[in-house]
Amino acid sequence: MGKTVLIVDDSATMRQVVSFALKDAGFEVISAVDGKDAIAKLGVAKSDLIITDLNMPNLNGIELIKQVRQTPGHKFTPIIMLTTESQESRKAEGRQAGVSGWIVKPFTPEQLLGVVKKFIR
Amino acid sequence: MLEYRFEKSGNPAVLRFSGELSIDKIVDLRNILLDSLNQTENILIDLEKAGPVDMAFLQLLCSAHRMALKSGKSLSVSSYPGPFMEAIKEAGLGSFTCKDAQWRSKCLWPDTLALPGENL
Amino acid sequence: MKGPEDRHKEIFREEANELLSELEGSLLELEENPEDGELVEKIFRAMHTIKGSGAMFGFNEIVSFTHELETAFDHVRNKKMPVTKELIEITLSARDILREMLENSAEGVGDNERAAQETLSRLKRILPGPLKTEAENSRLKDEKEKENEKIFRSSGDPVTYRIRFRPGRDIFKNGINPSFLINELMTLGDCLVIAQIDSIPAMDEFDPEACYFYWDFVLTTGQGVNAIKDVFIFVEEGSELKIEAVDEGDPGKPADYKRIGEILVEKGDISAEALKEALSKHKNLGQILVEEGAVPHGRIASALVEQQYIREKRKSLKEAEAAASIRVPSRKLDILADLTGELVTLQARLSRFSIAENNPELAAIAEGVERLTEELRETIMGVRLVPIENVFSKLKRIVRDLSGELGKEIALEITGAETELDKSLIEKLGDPLVHIVRNSIDHGIEPPDEREARGKPRRGTIHLSAAHSGANVLIQIGDDGKGLDAEAIKAKAIEKGLIQHGTELSGNGLYQLIFASGLSTAKEVTKVSGRGVGMDVVRKNIDALRGTVEVESWKGEGTCINIRVPLTLAIIEGLLVRINEEHFVIPLSMVEECVELIRGANEGQNGKHIANVRGDIVPYIDLRELFGIGGPPPEIGQIVITEADGKKVGFLVDQVIGENQTVIKALGGTFKQIDWISGATILGDGSVALILAVPQIIKWMENRETERAAFRAE
C-alpha cells in the first residue's frame, strides 16, 4: 500500500517540486495551500507524512504542527518543515511544536527524499 | 479500528489481535492487555492474524510480560508470524538481551542471534 | 524537449509574476493604510516565497535581490521600521526590476544589475541596521549548503564503530520511528543491532507513548563518522549518541579482539574496580556481573556481540588478505636483497666502463641497466618494509598490564603507527622499545595520588610516535612523568667511576649517562625494571642497527627518548672517504659537515686532536692513525664532522670522495671482532670499503680519554 504525503505550501512552485519528487519515488501526494487548508485535508484524506512550509497565510507552519499533534490520528505522524533558515532557534521552535525533521531551501529532489526516508518507507 | 478477541475461559486464556498494532492505538492496546491480564493467571497472546507491529507495541509486550512475572502470572506469545518476527529482528530484540540464563528460558523473545560462549 | 526542471522553472515564473502583480496592489493599498499588519504580512510572504522557490531553481540574482527586500519587510513587521512613502516607492521599483529579471531569465538576456544595485543602496539608506553584506550572504549560503550536506555524504576505508543510541523518551511524540533510523544505519554497511530493554518498566509504571528502548550497534562502514551522525540528525537534541571507532579494519591485526571485561569498561558500562572485583571471583564474568546487578544482561550481550562481530570481521579480512598475497620465507627475501646489492655493484662497474669506452650504444645499455637496477632495488626494499605498528601494538598490552599491576593510570597515545621500516629492523627494535616503555611506566609515571598532589592529571600519558626523517626513522617515546633526577644520575655516575668528581656536564650530556652500563638510579630495585640492565642494553641494540639514541628530560614534566634508525639495514646512504689507498664509508645520517684541515696548524697535544670549527671546539680522530694506514698524509686533509648521541666528533681523512648508496655486506670471520666497523661494501671497481661504526668509535675514544685522565690524575 502506497504511503501518502501531504505537502503544505502557499507557493505553487514548491508544491509542484515536492510533489513531483515524491510521486517519482512512488508516494501518493496531496497538497494544501496553507495551514487551514491542511487541517481540512487531514480530516478527509489519510496522510502518513506531512511536509510543511513555515511562512504561510491562514495558520503558519509552527501553528499547523501544533494543531496536527492535537488532531486525532496524527499525534505520531511525522512532520517535516521546509525552512529557509538553518538557525538553531527555528529548529528548536519546530521541535517544541512537535516537528520530526526539517530541510533547508533550496534543496534537490534527492535531498528531499533522503529526509523523507528517515520517517516513512 | 482495533480488532481483538479475548477468550478468557480457556487455560491459558487467549488474547487474539488482528490488524496493525502500532503507536497510533498504543493506549488502547495497553488497556486491553492490562484488563486481560487482570482477569486471568495464565495468558497466551496470539498474533497469527496481526498485521505490521512497531516498536511501541514490542516494548508494550515486554512491559506486559514484566508485569505478569512481577505478579506471579504467566504471559506468553503463541508464535512469531512473519511481520512480528521481522519487527523483532529489526529492533535488535532477542532472548540474548534478557536478564540471565534462567530468565532466558522465560524470555518473551525468540532466539534471533546465536551468541558465542562467553570468552573472558 | 522540456525536462521536469524546465517545467518547474516555468511554474515558478508564473507564480512569481502572479505574486508581483498582487504585490503592486498590496503596496498601493499599504500606502493608504500604513498600519495594516496583515498587508505587511502578505508582502513579506510574497518576498519570502519568491526567494525560497527561486532558490530551488538557481534564480540566484532574484534570490539575493529579494532577500534584501524581505529583510526590510521583516523589520516592518517586527515594528523596527515604519512604512514610509519612500519605502513604498523603493519597493515598487524593486518589483519592476524583479519582473524584468524574470523575463530576462526566460529569454536568457539582459542585465539588471545596475538598476538592482541602485535600488538596494536606496533601500540601505532607510534600513535601521546595515544590510547583510555580500560576505555575510555567501556565508549564509555556505551554512545552508552545509546543513543539507550534513544529510548527504562521501566515503573512505571501512572502519568498525560501536554506537550507542539512547533516544529521548518523547521521540515517538515527534513523529519519529526509530526503526527507520536503524534501517538507515544498516544501509551504511554491515551492521548488528542490539536492543537494550532494561529500562522498560512493568505495565503499572509504563507510559505506552514513551520510548524505553535504547540500542547498541556494531557497524562497519567506509562512509565515516559524519554519515552515522547524519542518520540521527533530527534526534540529536535530547538523545544520547555515542560513536567510537573500535577497529580500523587492518588485516595486520590479530584476529583476537578485546576481552569482554575490557569492552564493558571502555563503554562505561562498569567501572574498572567492579571488573577487577568480579574477575577475582574466578567465575564466568558475565554471570557474576549480572548476579550482582552490576550491569544489565543486555549490556553484556552487546559486548559479546561486538567481540564476536569484530573477530569474524578480522578473520574474513585476514582470509581476503591471505587470498591476495602469498607467504614467502624472509630468508628468500634476504637472498633477493643480497643479489640486488651485487647487481647494483656490477651495474656501477658497467656504467663506469661505458663512460670510459665512449660508445653510444654501450652507454644506452648501461643507462637502461641502471634504471632497471634502481627500480628493482626500490621494489625489493619496499617488499621488506612493514609498519612499525607491529611493535607498537605489543607495547599497548605491556602498558595495560603493567600499569594495572603497579596501580598506575596510564593512557597510551600512538602516532605514526603506519610508518614503515625494514622488517629486520622491526624485529630488532622490539626489545629496546619494551625496555624503554617499561622504564617509563615503572620510574617515569608517578602513582595517581602523587600526580594529583603535583597538580597533574591522575592519568599519566605515554606517547609513542614514529615518523620518517630523511633516510631515517625517528621513534620517540615520551612520558609526562617525573623526569630524570640529574643529581642522582650524577652521584651514581661518580660512584661507578663513569665521570670524574667535579666534571661539569650540562643537563642533556648528563642524561645520556643513563645509557651507560650499570647505571640505575631507582632507589629500590623493582621486578619490573630490574637492576640497572636495560638502558645500556637499549643503547647496544640501537648501535647495532647503526642508529642513535638520545634522552631529553624535564624535571617534574617528563622524559622523551629519541631513537633514530636507518630505514633499512641493507642499504645506507654513505659518504665515501679515502685515506691513502683505503676507502671508508661514513653513514650520511650522522654527517654534519666537512671542513678542511691544514696540517700542522692544530696538531694535537697528548695525542688529542682538536679542530676549531667556526669557533666551536670539536675533537677529531685521525683515521690514518686509528687504522694504522701508511703513506704520507696530504698537506690539506679533510675532517668529516659527525654527530652521534648529541656529541660532535670529527674524522680526519685524506679526501672526501662523495655521497654514495652503499649496499651493506655483513662482515665475516676476523672482522667481526672489530666493533669500529659495522659492515663493508663493494665499490664499483670491485674494491672493498669499510663502513665506520661512528658511535662505537666515539665511545672508544671517550673511554680512552677517561682512562688517560685517570692515569694522569694518579
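User: What is the accessible surface of chain C, and what part of it belongs to carbon and sulfur atoms?

Analyst: The accessible surface of chain C is about 35,400 Å², and 50% of it belongs to carbon and sulfur atoms; such areas come from the Shrake-Rupley method with a 1.4 Å probe. The model is predicted: local features need pLDDT of at least 70, side-chain atom pairs count only at pLDDT 80 or more, and totals for chains, interfaces and linings use all residues. Residues are numbered from 1 along each chain as its sequence is written, chains are lettered from A in the order in which they are written, and side-chain values use heavy atoms, with hydrogens and water left out.

User: Why is α3(C) called largely enclosed?

Analyst: Of its 18 residues, 13 are buried, so α3(C) is largely enclosed by the rest of the structure. Buried means under 20% relative accessible area, with a 1.4 Å probe and protein chains only. In chain C, 47% of the 714 residues are buried.

User: What makes the reach of α3(C) close to the expected value?

Analyst: Helix α3 of chain C, residues 60–77, reaches 25 Å from its first C-alpha to its last, close to the expected 26 Å. The expected span is 1.5 Å times one less than the number of residues.

User: How do you know that Asp34(A) has no salt bridge?

Analyst: A salt bridge needs a side-chain nitrogen of Lys or Arg within 4 Å of a carboxyl oxygen of Asp or Glu. For the buried Asp34(A), the nearest side chain of opposite charge, Lys36(A), is 7.2 Å away, and Asp34(A) therefore has no salt bridge.

User: What does the side chain of Asp34(A) reach at 3.1 Å?

Analyst: It reaches the backbone nitrogen of Lys36(A), and a polar atom of the Asp34(A) side chain lies 2.8 Å from the backbone nitrogen of Asp37(A).

Key
Buried < 20%, exposed > 50% of the residue type's maximum accessible area, 1.4 Å probe, protein only. Lys, Arg positive; Asp, Glu negative; His and termini not counted. Polar contact = N/O pair within 3.5 Å; in protein donor to acceptor, adjacent residues only side chain to side chain. Helix = DSSP H or I, 4+ residues; strand = E, 2+ residues; numbered from the N terminus.
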